[in-house]
Amino acid sequence: MSKKLVLIAALALSPLFSAQEMVTRPVQSYQTAQYQAKKKAFVDQLLSKMTLDEKIGQLNLPSSGDFTTGLAQSSDIGKKVEQGLVGGLFNIKGADKIKAVQKVAVEKSRLKIPLIFGMDVIHGYETTFPIPLGLAASWDMNIIQQSARVAAREASSDGINWTFSPMVDISREPRWGRVSEGSGEDPFLGSEIAKNMVYGYQGKDLSVGNTILACVKHFALYGAGESGRDYNTVDMSHVRMFNEYFPPYKAAMDAGVASVMASFNEVDGVPATGNRWLQTEVLRNKWNFKGFVVTDYTGINEMVDHGMGDLQQVSALALKAGVDMDMVGEGFLTTLKKSLSEGKVTQAEIDMAAKRILEAKYDLGLFDDPYRYGNAKLAAKEVYNLENRTIARNAAAQSMVLMKNDNQVLPLKKTGTVAVIGPLVNNSLNMAGTWSVAAKHDQSVALMKGLQDNFGKEVKFISAKGANIDYSAKLEEIYAAHGKKTDRDNRSKEVLLKEAVDVANKADVIVLAIGESAEMSGESSSRTEITIPQSQVDLLNELKKTGKPIAMVLFTGRPLALTNVKDVPDAILNVWFSGSEAGNAISDVLFGKVNPSGKLPMTFPRSLGQVPIYYNAKNTGRPLSQDLVDKCEYQRFRSNYMDECNTPLYPFGFGLSYTQFNYSDITVSDPNPKGNQTVQASVTITNSGNYDGAEVVQLYIRDMVGSITRPVKELKGFKKVFLKKGESKKITFDITPESLKFYNGDLKFDWEPGEFDIMIGTNSEDVKHSKINWSK
């Protein structure tokens with residue numbers, strides 16, 4: 001290994017916690033007036049040469065399939081490209097294949113307009129990072145931005161110049177499988193992640209060839225579907241939209257995101273794909289978005305089933321709403337010409353949509369060099385290399401959340417015998433998690449391999465499967481989507497359990513890997529039960545009888561209700577789905593090479609009946625007193641359950657460490673600030689344990705009295721800091737009136753004077769308090 005790669009490997013296991021030193025917004029070349037004027041002149045001239053069919057063609061985004069290079073011209077897609085009827089393609093992979101199709105566009109079509117090439121590069125390209133919910137658990141914006149930068153470098157070298165990411169939908173609904181693809185329940189954390197993902201993908205200059213167009217999705221409110229069922233109805237007030245669900249989309253706009261994807265759900269009774277208030281009034285008029293809007297897969301066509309009309313009607317509705325590009329459905333391609341002749345759409349609306357697509361291509365530099373993206377020799381060096389995998393390994397380790405650690409079972413000792421048991425112990429195909437379409441799944445590092453490779457010389461590892469993912473073979477077949485096999489074992493449960501117990505009895509400690517398989521979460525993966533399947537619960541309970549310490553490694557793409565299992569193992573380490581380097585990263589944490597520092601970006605409920613449950617809820621007029629909340633006691637005629645506590649099992653922001661952090665009381669620089677003053681709120685934290693480690697210090701604020709009801713607390717800041725054992729640091733947050741603003745009943749974004757509860761702590765429930773009275 002070269003000295004450079006040795007250094008990279010060392011850095012990956014070191015505490016890269018430069019905290020919330022937020023990366024400043026890149027100054028992009030296309031923001032200058034001179035550049036904009038030049039672009040406008042070029043695009044206007046090109047539009048003047050285009051026929052109506054060619055303009056509509058720019059609005060067409062078909063899926064390519066994955067044809068071979070030699071079929072690029074003769075395929076149906078190839079013929080449409082040659083006729084100028086395609087604006088871009090997605091689902092095509094490989095520099096040579098993409099170059100072959102681009103060659104048809106720029107050498108065979110009349111005006112030689114290049115294509116854009118998109119792909120679902122969601123949490124990495126071939127080098128995969130933790131699922132987005134896992135990345136969010138790192139609370140480390142540098143790591144998150146870096147993950148997008150690596151993905152952009154890999155994808156662009158292989159010909160991709162557009163990703164359908166980041167997904168920033170706020171969700172408080174763990175039954176919805178796509179929580180795995182987002183950043184959780186909080187608008188502040190979600191906004192920070194949204195802008196850093198955009199920075200990572202788009203960089204400072206879209207035309208350099210190793211940056212790609214980002215696409216924020218799904219606009220809007222997709223994460224609030226009723227009953228957690230995918231694609232389902234959404235209905236909420238505008239006050240709630242602007243305060244709780246819109247902020248991450250707005251943050252992406254402010255970061256300069258180049259494109260937006262419409263959501264499947266309805267908003268105010270109109271599907272988002274055809275919703276002019278959403279796509280034009282909010283997105284363009286309020287937020288000044290200058291990029292282009294693309295539908296989700298067949299989003300226009302699906303408005304027919306919503307009851308909005310036939311394909312011609314809904315296509316016209318989408319165009320007039322502000323949609324610029326039609327993914328797959330070809331409603332624009334097949335109906336807009338007729339709608340124009342009938343006066344149902346205007347030439348100006350078609351021209352504007354085509355103009356926005358052409359402007360994006362100009363920003364990518366495709367008119368200067370249509371082949372700047374995609375070079376097979378470059379891809380061979382850039383894609384899935386050791387440096388990228390090392391970065392992914394570090395990101396994975398930082399994303400893991402230690403949820404329990406009784407008797408300091410973790411970190412494991414580097415001696416003796418460890419039994420590694422569970423249905424995913426040797427399954428590399430499931431390590432990357434959902435939405436990993438370009439990943440090298442067969443090369444992902446499974447848990448057992450990671451343990452053996454890293455600690456096999458010091459520790460004896462023995463293994464058994466112990467159980468299938470689920471007792472139901474039918475359900476397992478559903479779970480094994482997209483080639484991610486669950487390796488079902490057809491032996492009886494009794495045989496599997498006996499084998500696991502025999503292995504456990506030979507060991508000093510048990511590492512039990514259970515939870516979900518990769519595609520039990522993700523798109524179209526809604527669940528009515530969010531518990532660990534009974535087959536695996538039975539395995540856990542049987543192993544408990546051996547009396548051996550159990551460290552449970554939890555694989556999951558969503559918050560799970562763990563009440564029935566949390567008391568059984570001695571330790572619980574939530575590893576989400578960790579990506580290409582899963583086995584290595586999990587090993588690093590289990591054996592203490594990395595001290596876990598992840599914090600939950602989404603609340604874990606005690607039971608399904610509590611859902612939706614989230615930390616920044618509002619009080620009712622009959623709240624349960626805090627002492628009864630803490631005691632989990634019921635009181636009639638108060639807002640509580642007869643059969644369950646009000647509190648979550650694990651709150652938002654929760655996460656343990658191998659060390660211990662103590663917080664001082666809060667000090668504020670001025671308890672009675674006025675006007676646009678800045679107030680410093682500070683705590684001193686001390687690492688009083690036996691390990692060096694990182695802590696995410698969290699700032700929450702409660703507006704005690706408002707013109708509309710206000711949440712019981714809201715995240716307003718966080719800093720991830722590294723402390724050596726015995727070290728203390730003073731952590732200070734700047735609070736300004738900007739921190740206090742919200743959308744009032746008139747949707748005016750402002751702050752109101754009065755009393756504020758300032759909270760700083762290790763999670764949303766365990767906080768110190770201080771009060772300030774702020775006047776205008």
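Helices are taken here as DSSP runs of H or I with at least four residues, numbered from the N terminus. On this basis helix 15, in what is a predicted model, spans residues 347–363 and is followed by Gly365, whose phi is positive, near 80°. Helix 15 comprises 17 residues and reaches 24 Å from its first C-alpha to its last, close to the 24 Å expected at 1.5 Å a residue.

An open sheet is formed by 6 strands in the order 11-16-15-14-12-13, with mixed pairing. From one strand to the next, the twist averages 20°. Within this sheet, strand 15 (residues 550–555) and strand 16 (residues 571–574) run parallel and are joined by 4 bridges, and the bridge partner of Ala551 in strand 16 is Ala571. Helix 20 (residues 493–505) lies across strand 12 (417–421), strand 13 and strand 14 (509–515), and runs at about 165° to strand 13.

A second open sheet consists of 3 strands in the order 2-3-4, and here the pairing is parallel. Strand 2 (88–90) and strand 4 (162–163) are the edge strands, each pairing on one side only. Strand 2 is paired with strand 3 (residues 116–119) in the parallel sense over 3 bridges, with Gly118 in strand 3 as the bridge partner of Phe90.

Antiparallel pairing is found around strand 25 (residues 754–761), which pairs in this sense with strand 26 (residues 767–774) over 8 bridges. A hairpin through 5 residues joins strand 25 to strand 26, and Gly761 has Val767 in strand 26 as its bridge partner. Strand 25 also pairs with strand 20 (residues 693–703), again in the antiparallel sense, over 6 bridges; in this pairing Leu699 stands opposite Ile760. Because 6 of the 8 residues of strand 25 are buried, this strand is largely enclosed by the rest of the structure.

Aromatic contacts were examined next. A pair of aromatic rings is described by the distance of the centres and the angle of the planes. The count comes to 33 aromatic pairs, among them that of Phe242 and Tyr743, which is tilted, with 5.1 Å centre to centre and 50° between the planes. Phe242 lies in helix 9 (residues 238–245) and Tyr743 in strand 23 (residues 742–743), so the pair ties together parts that are 501 residues apart in sequence. Both of these residues, Phe242 and Tyr743, are buried. A further pair is formed by Phe555 and Phe577, whose ring centres are 5.9 Å apart and whose planes stand at 35°, so this pair is tilted. Phe555 belongs to strand 15, whereas Phe577 lies in the loop between strand 16 and helix 22 (582–590), 22 residues apart, and both are buried. Ring pairs also link Phe219, Phe242, Phe246, Tyr249, Trp277, Trp287, Tyr743 and Phe749 into a cluster.

Charged side chains also lie over aromatic rings. The charged end of Lys776 sits over the ring of Trp751, 5.0 Å from its centre, while Lys99 lies over the face of Tyr371, at 5.8 Å from the ring centre.

Several backbone features remain to be described. Most residues other than glycine have a negative phi, and most peptide bonds are trans. The peptide bond from Phe219 to Ala220, however, is cis, with omega near 10°, and Ala220 is located in the loop between strand 5 (215–219) and helix 9. Val611 and Pro612 are likewise joined by a cis peptide bond, with omega about 0°; Pro612 lies in the loop between helix 22 and helix 23 (626–631). His482, although not a glycine, has a positive phi of about 55° and is placed in the loop between helix 19 (473–479) and helix 20. The loop between helix 19 and helix 20 also holds Asp487, whose phi is positive as well, near 55°. His482 is exposed, with a relative accessible area of 67%, whereas Asp487 is partly exposed, with a relative accessible area of 44%.

Conventions: Residues are numbered from 1 along each chain as its sequence is written. This is a predicted model: local features need pLDDT of at least 70, side-chain atom pairs count only at pLDDT 80 or more; totals for chains, interfaces and linings use all residues. Side-chain values use heavy atoms; hydrogens and water are left out. Two strands pair if DSSP finds at least two bridges between them. Helices (H or I, at least four residues) and strands (E, at least two) are DSSP runs, numbered from the N terminus. Axes are lines fitted to C-alpha atoms, for helices over the stretch in contact, and angles run from 0 to 180 degrees between N-to-C directions. Contact means heavy atoms within 4.5 Å. Rings of Phe, Tyr and Trp (its six-membered ring) pair if their centres lie within 6.5 Å; planes under 30 degrees apart count as stacked, over 60 as edge-to-face and the rest as tilted. Buried means under 20% relative accessible area, exposed over 50%, partly exposed in between (1.4 Å probe, protein chains only). A charge sits over a ring if NZ of Lys or CZ of Arg is within 6 Å of the ring centre and within 35 degrees of the ring normal. The expected span of a helix is 1.5 Å times one less than its number of residues.
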